[in-house]
Amino acid sequence: MGKQTLIEKAKAMMTAPSCCPELKQATQAYLDALGTADEKIAAKNLIAEISEDITAIEDLVPFAHSEIAIQIFGAEGAKKFADHADELKASGAKYCDCGACAPALEILQNKEILLA
């Protein structure tokens, strides 16, 4: 995987509805720093923020079955979400596969490219 592909994944992550404000900010700071003397520092900050924000399956499943999920998604939506989280766990997934977490995981798995 090349750097440009990771940049595109970062952009996709940042625009996902499930991306938190702090991760959006760290991603934008990285994108703004591309090609500058601050790029490596911004990459380190981005990787640190991703590491904090990516949702582990152990956290996703209880959330998906919670009253908060019902409040957010409604009863039917929460049931679908919980079923999906359970399927992810059963398949051996370690992390959420939402629009923010999936590219975040790919970035973490290839972080050395951004830090080079």
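Reader: Which side chain does Asp83 meet in a salt bridge?
Author: Asp83 pairs with Lys79, at 3.0 Å from N to O. A salt bridge here is a side-chain nitrogen of Lys or Arg within 4 Å of a carboxyl oxygen of Asp or Glu. Before we go on: this is a predicted model, where local features need pLDDT of at least 70 and side-chain atom pairs count only at pLDDT 80 or more, while totals for chains, interfaces and linings use all residues. Residues are numbered from 1 along each chain as its sequence is written, and side-chain values use heavy atoms, with hydrogens and water left out.

Reader: Ok. Where do Asp83 and Lys79 lie?
Author: Both are in helix α5, four residues apart, about one turn of the helix. Helices are DSSP runs of H or I with at least four residues, strands are runs of E with at least two, and they are numbered from the N terminus.

Reader: And is Lys79 buried or exposed?
Author: Lys79 is exposed, with a relative accessible area of 53%, while Asp83 is partly exposed at 32%. The cut-offs: buried is under 20% relative accessible area, exposed is over 50%, and partly exposed is in between (1.4 Å probe, protein chains only).

Reader: How many salt bridges does a search of the whole structure find?
Author: Five. One of them joins Glu39 to Lys3, with the closest N and O atoms 2.3 Å apart. That pair links distant parts of the chain, since Glu39 is in helix α3 (residues 39–53) and Lys3 is in helix α1 (residues 3–15), 36 residues apart.

Reader: Is Glu39 buried or exposed?
Author: Glu39 is buried, at 11% relative accessible area. Lys3 is partly exposed, at 32%.

Reader: What does Glu106 pair with?
Author: Lys9, in a salt bridge of 3.2 Å, N to O. Glu106 lies in helix α6 (residues 101–109) and Lys9 in helix α1, so the pair ties together parts 97 residues apart in sequence.

Reader: How do the axes of α1 and α6 cross?
Author: They come within 8 Å and cross at roughly 150°. Axes are lines fitted to C-alpha atoms, for helices over the stretch in contact, and angles run from 0 to 180 degrees between N-to-C directions. α1 and α6 are therefore roughly antiparallel to each other, a label for angles over 145 degrees, with under 35 roughly parallel, 65 to 115 roughly perpendicular and the rest oblique.
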